[in-house]
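Here is a short briefing to read alongside the sequence and the model. Take a moment to look over both before starting on the notes.

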Amino acid sequence: MAEPFLIRPATLADAERIFALVHLNRDQLVPRSLGNIVENIDRFFVASAGGEMTGCATYQVHPELGDALAATVEVQSLVVKSMFRRRGIGKALVEAVIARVMPFRPHEIVALTFAPEFFRSLGFEEIPKTKVMHKLYTGCINCTKHTNPFTCPEIAMRKGGAKSDEQ
Ligand SMILES: CC(C)(COP(=O)(O)OP(=O)(O)OC[C@H]1O[C@@H](n2cnc3c(N)ncnc32)[C@H](O)[C@@H]1OP(=O)(O)O)[C@@H](O)C(=O)NCCC(=O)NCCS
């Protein structure tokens, strides 16, 4: 039987393992320095099974010019160790991110991904990359693999967030 897993907020003790896992999957993920992971450790979740860190995920809030309520949240650095895949760990990590950010009442949750089927299974839908210009200007502009985000095979996906109803 597969080892049961738990999802928990990351601690500084996880930072080097997160770095190693993201680096190992650098073909699918935007690279992160150890310093960047440490600076943002409060936004990381990790999965652990039998005392082993088996996956991680984090997020970033992207503001929209002139409209605080239109901010989007991007799922980032989502990865599960290959031998632990297809056990629901990736899904549980994204659900932990969503549960964390929903109280902020973001307009939507987005991802740029090579794993559209995974995100579709979580209720995300494909959108044109022109809908995530903030991501293109903050992340893709520094891409070292592709010169143009519109010809890169990554797919932009979104899931609706929540609108604040307080005045
Ligand atoms: C994407 C990734 C995080 C998925 O993690 P995972 O733990 O295997 O995902 P889950 O087991 O929670 O999968 C949930 C559902 O997503 C879908 N899914 C997951 N991986 C899939 C794949 N490779 N192909 C098609 N559907 C897939 C399935 O519907 C699956 O449910 P099922 O196993 O009952 O059929 C993992 O494959 C990974 O680390 N990939 C490399 C890094 C990456 O691409 N990260 C995403 C960057 S945004």
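## The sheet and its surroundings

Strand β1 (residues 5–9) and strand β2 (residues 45–49) run antiparallel and are joined by 5 bridges. Helices (H or I, at least four residues) and strands (E, at least two) are DSSP runs, numbered from the N terminus, and two strands pair if DSSP finds at least two bridges between them. Please keep in mind that this is a predicted model, in which local features need pLDDT of at least 70 and side-chain atom pairs count only at pLDDT 80 or more, while totals for chains, interfaces and linings use all residues. Residues are numbered from 1 along each chain as its sequence is written.

**Strand pairing, β1 to β3**

- Within the pairing of β1 and β2, Leu6 has Ser48 in β2 as its bridge partner.
- On to the next pair: β2 and strand β3 (residues 52–62) are antiparallel, with 5 bridges between them.
- Phe45 has Ala57 of β3 standing opposite.
- A hairpin is formed by β2 and β3, with 2 residues between them, and Gly50 in the turn has a positive phi of about 55°.

**The whole sheet**

- The sheet is open and has 7 strands in the order β1-β2-β3-β4-β5-β7-β6, with mixed pairing.
- β1 and β6 (125–127) are at the edges with a single partner strand each, so one side of each has no neighbour in the sheet.
- From one strand to the next, the twist averages 30°; axes are lines fitted to C-alpha atoms, for helices over the stretch in contact, and angles run from 0 to 180 degrees between N-to-C directions.
- Parallel pairing is found between β4 and β5, over 3 bridges.
- Val73 stands opposite Ile109, which belongs to β5.
- Helix α3 packs on the sheet and touches β1, β2, β3, β4 and β5, its direction making about 35° with that of β3. Contact here means that the C-beta atoms of two residues, placed from the backbone, lie within 7 Å.

**Overall fold**

- There are 5 helices and 7 strands in the protein, and from the N terminus on they follow the pattern β-α-α-β-β-β-α-β-α-β-α-β.
- The radius of gyration is 16 Å, which agrees with the value near 15 Å that a compact globule of 167 residues would have. This radius is taken over C-alpha atoms, and the globule rule is 2.2 Å times the number of residues to the power 0.38.
- Along the principal axes, the C-alpha atoms fill a box of roughly 45 × 40 × 30 Å.
- Of the contacts between residues at least 6 apart in sequence, 67% join residues at least 24 apart.
- Buried residues account for 30% of the 167 residues. A residue is buried if 20 or more other C-beta atoms lie within 10 Å of its own, exposed if 12 or fewer, and partly exposed in between, with C-beta atoms placed from the backbone.

**Around the ligand**

- The ligand is surrounded by 20 residues, the closest being Arg85, Gly90, Lys91, Glu117 and Ser121. A residue is near a molecule or strand if its C-beta atom, placed from the backbone, lies within 6 Å of it.
- β4 (72–80), α3 (89–101), β5 (108–113) and α4 (116–121) are the elements that give two or more residues to this shell.
- The shell has 9 nonpolar, 6 polar and 5 charged residues. Ala, Val, Leu, Ile, Met, Phe, Trp, Tyr, Cys and Pro count as nonpolar, Asp, Glu, Lys and Arg as charged, and the others, Gly among them, as polar.

- In helix α1 (residues 15–24), Ile18, Phe19, Leu21 and Val22 are the buried residues, and they pack against α2 (34–39), β3 and β4.
- Leu29 sits in the loop between α1 and α2 and counts as partly exposed, with 17 C-beta neighbours inside 10 Å.
- Setting aside neighbours within four places in sequence, Leu29 is in contact with Val22, Ser77 and Val79.
- Leu29 and Gln76 are 47 residues apart in sequence, yet 8.1 Å apart in space from C-alpha to C-alpha.
- Ser77 belongs to strand β4 and is buried, with 24 other C-beta atoms within 10 Å.
- Although Ser77 is a residue other than glycine, its phi has a positive value, near 50°.

**Arg105**

- Arg105 is not a glycine either, but has a positive phi of about 60°.
- Arg105 lies in the loop between α3 and β5 and counts as partly exposed, with 14 C-beta neighbours inside 10 Å.
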